[in-house]
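This report goes through one protein chain, element by element. The sequence and the structure come next.

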Amino acid sequence: MAIIDDLTYEQALAYPEPKEIVVDESGIYVFTEEDMSSQPNPVPQEVSAHQARIALLEAGLLDMVNDYIDQSNDTELKIRWEYGGKLVRNSPYIAAVTVALGLTDEQLDELFIRAAQK
């Protein structure tokens, strides 16, 4: 990240390969391609079913999820888990399983990040 003092916003735009420019009371910040690539990955909003299952397996949670779904009276949940091709982060089904397992939002985000790497 480059911190540029005493420049206008237009001059910041002329900075070599700016990807993002942030202006606040402390100055103008220019983020380059290198800066953007070093930032942590955002949480994926969906992952494939096999990616999710592998991440759950590695986290020691797959059996607990399977047990929760098996014991559920929600037929649609069972169909989505067994036959669905993807899991969507903000789905009410994901929210229900997250609560049932006692996971925090941060732990769920981490599972989605790990799953996306599978």
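## Helix α3

The buried residues of α3 are Ala 49, Gln 51, Ala 52, Ala 55 and Leu 56. Viewed along the axis of α3, these residues fall within an arc of 160°, so they line one face of the helix. Leu 57 and Glu 58 are exposed on the other side of α3. The model is a predicted one.

The cover over the buried residues of α3 includes β4 (46-48), α4, α5, β5 (86-88) and α7. Leu 56 gives a residue-level view: apart from neighbours within four places in sequence, Leu 56 is in contact with Leu 61, Leu 62, Val 65, Trp 81 and Leu 111. After α3 comes Gly 60, which has a positive phi, near 75°.

## Chain layout

The chain contains seven helices and five strands. Read from the N terminus, the order of elements is β-α-β-β-α-β-α-α-α-β-α-α.

The chain has 118 residues, and 33% of them count as buried. Of the contacts between residues at least 6 apart in sequence, 52% join residues at least 24 apart.

## The nonpolar core

How many residues does the largest nonpolar core have? The number is 21, and the members with the most contacts inside this core are Val 47, Leu 56, Val 65, Trp 81, Leu 87 and Phe 112. At least two residues of the core come from each of α3 (49-58), α4, α5, α6 (92-101) and α7 (105-116).

Leu 56 belongs both to this group and to the buried residues of α3. Val 65 and Trp 81, also in the group, are among the contacts of Leu 56.

## The pair α4 and α5

Helix α4 covers residues 62-71 and helix α5 residues 75-83; their axes come within 9 Å and cross at roughly 140°. Angles over 145 degrees would count as roughly antiparallel; α4 and α5 are therefore oblique to each other.

On the α4 side, the contact is made by Leu 62, Val 65, Asn 66, Tyr 68, Ile 69 and Asp 70, and on the α5 side by Leu 77, Lys 78 and Trp 81. Sorted by class, this contact of α4 with α5 has six nonpolar, one polar and two charged residues. Val 65 and Trp 81 take part in this contact and are also listed among the core residues with the most contacts.

## Helix α6

Tyr 93, Ile 94, Val 97, Thr 98 and Leu 101 are the buried residues of α6. The arc they cover around the axis is only 135°, which puts them on the same side of α6. The face turned away from that buried side carries the exposed residues Pro 92 and Val 99. Among the elements covering the buried residues of α6 are α4, α5, β5 and α7.

Within α6, Thr 98 has a relative accessible area of 7% and is buried. With neighbours within four places in sequence left aside, Thr 98 is in contact with Leu 103, Thr 104 and Leu 108. Ala 96 is also placed in helix α6. Why does Ala 96 count as partly exposed? Its relative accessible area is 32%, and partly exposed residues are those between the 20% limit for buried and the 50% limit for exposed.

Ile 94 and Thr 98 are both in the buried set of α6. From Leu 108 to Val 43 the C-alpha distance is 9.5 Å, although the two are 65 residues apart in sequence.

Ser 91 sits in the loop between β5 and α6. With a relative accessibility of 14%, Ser 91 counts as buried. Ser 91 and Glu 46 are 45 residues apart along the chain, and their C-alpha atoms are separated by 9.6 Å.

Conventions. Residues numbered from 1 in each chain as written. Predicted model: local features only at pLDDT ≥ 70, side-chain atom pairs only at ≥ 80, totals over all residues. Heavy atoms only, no water. Axes fitted to C-alpha atoms, helices over the stretch in contact; angles between N-to-C directions. Helix = DSSP H or I, 4+ residues; strand = E, 2+ residues; numbered from the N terminus. Parallel < 35°, antiparallel > 145°, perpendicular 65-115°, else oblique. Contact = heavy atoms within 4.5 Å. Nonpolar A, V, L, I, M, F, W, Y, C, P; charged D, E, K, R; others polar. Core = buried A, V, L, I, M, F, W, Y, C linked by side-chain atoms within 4.5 Å. Buried < 20%, exposed > 50% of the residue type's maximum accessible area, 1.4 Å probe, protein only. Arc of directions from axis to C-beta.
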